Amino acid sequence: MTQPPYTPAPSRYDHSDQIYRRCGQSGVLLPKVSLGFWHNFGGIDSYERSRQITHYAFDHGITHFDLANNYGPPYGSAEETFGRLMDQDFRPFRDELFIASKAGYDMWPGPYGNWGSRKYLMASIDQSLKRMHLDYVDLFYSHRFDPVTPLDETLQALVDIVHSGKALYVGISRWPLESLKVADEYLRKRDVPLLIYQGRLNMLDREPLEDGVLQYCHEHGIGFISFSPLAQGLLTDRYLSGDVPADSRMSKGQFLNADMLTPELLDQLRQWNDEAAAEGRSLAEHALRWILDQQGITSVLVGASSVEQLSRNMKAID
């Protein structure tokens, strides 16, 4: 049975002054809460659920979708899901969307399917565009710092990707501070300024605050977007009892393991949960709000396995 065409909510921009923040000193506005495709949008996941989540996001002003070449599983399948969504629902609204992809982690076998070489980045952007059925992405990242490839090789590839029209802006993710400074200077000199830095920042992992990355971005007009803002679910109510839910990432050993749930951590999580409750918030809302309250933050990247979960996380905008 043919489904009717998707019609976004006319009210999606009614509260734009509350939803969006300027990305550094650029002309780009990003939603305070952005939707990440790292999990729940791969080939093993329900397409209809992915469709419901993305519809809900766009209907509520979330215009920024964050992907990478190896998101899935399997690798590439999250971008393929997005390509299907693009063709089925979002093609008429392409200019309202801000689509990001990345390359830097393992993607295909052999010496050219990983890290930050020009060969890998150039091949990756072409493959990503093909999977997503796009002529260009709005933002393309170097997904991680490569300690072996010369920085100017990686950075010049990013410059050339923009000059070729395959991306409008570039970003970097998880680069150390000194390399961030090199990237900032190199890209500015070539009229492709660094739009945004993506780093892991949450109440349990404050490295970008402690090592000066967030401060540097703020002082130099570079946006900052936080991934894993809920620490893979630790900063939610899932583990407050001390038990490990059967359907959780921790139960599967997927990025979390039960050994992490120490008495000290549980005490800290429960303290934060009490603070959140005193403000009428959930622990997850409290954790997202904490990030958004840091100087220099543009957006937080949230994943979602359901519309209800995304709806709860979006309360941090209020």
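Trainee: Where is the place of Pro74?
Mentor: Pro74 is in the loop between β4 and α3, where helices (H or I, at least four residues) and strands (E, at least two) are DSSP runs, numbered from the N terminus. This is a predicted model, in which local features need pLDDT of at least 70 and side-chain atom pairs count only at pLDDT 80 or more, while totals for chains, interfaces and linings use all residues. Residues are numbered from 1 along each chain as its sequence is written, and side-chain values use heavy atoms, with hydrogens and water left out.

Trainee: Okay, and is the bond from Pro73 to Pro74 cis or trans?
Mentor: The peptide bond from Pro73 to Pro74 is cis, with omega near -10°. The bond from Gly72 to Pro73 is also cis, and there omega is near -5°. Pro73 too belongs to the loop between β4 (64-66) and α3 (77-90).

Trainee: Why point those bonds out?
Mentor: They are pointed out because most peptide bonds are trans, just as most residues other than glycine have a negative phi.

Trainee: Then which residue has a positive phi of about 60° although it is not a glycine?
Mentor: That is His133, which lies in the loop between α4 (118-132) and β6 (137-142). His133 is partly exposed, with a relative accessible area of 37%, given that buried means under 20% relative accessible area, exposed over 50%, and partly exposed in between (1.4 Å probe, protein chains only).

Trainee: And Ala231, what is its phi near?
Mentor: Phi of Ala231 is near 50°, again a positive value in a residue other than glycine. Ala231 is found in the loop between β9 and α9 (263-278), and at 4% relative accessibility it counts as buried.

Trainee: Switching to strands, what joins to β10?
Mentor: Strand β3 (residues 33-36) runs parallel to β10, with three bridges between them, and strand β9 (residues 223-227) is also parallel to β10, with two bridges; strands pair if DSSP finds at least two bridges between them. Looking at particular partners in β10, Val33 is bridged to Val300, and Ile225 to Ser299.

Trainee: How about β8, how many of its residues are buried?
Mentor: Six of the seven residues of strand β8 (residues 194-200) are buried, which leaves the strand mostly covered. Strand β7 (residues 167-173) runs parallel to β8 and is joined to it by four bridges, and Gly171 has Ile196 as its bridge partner in β8.

Trainee: How many residues has the largest nonpolar core?
Mentor: The largest nonpolar core has 85 residues, and those with the most contacts inside it are Leu35, Phe37, Phe65 and Leu180. A nonpolar core is a set of buried Ala, Val, Leu, Ile, Met, Phe, Trp, Tyr and Cys residues joined through side-chain atoms within 4.5 Å. Helix α10 (residues 283-292) gives the largest share of this core, seven residues. Apart from this core lies another, of twelve residues, among them Cys23, Val28, Phe98 and Leu301.

Trainee: Last one, what is Leu180 in contact with?
Mentor: Leaving aside neighbours within four places in sequence, Leu180 is in contact with Ile172, Trp175, Leu194, Tyr197, Val213, Tyr216, Cys217 and Ile222, where contact means heavy atoms within 4.5 Å.
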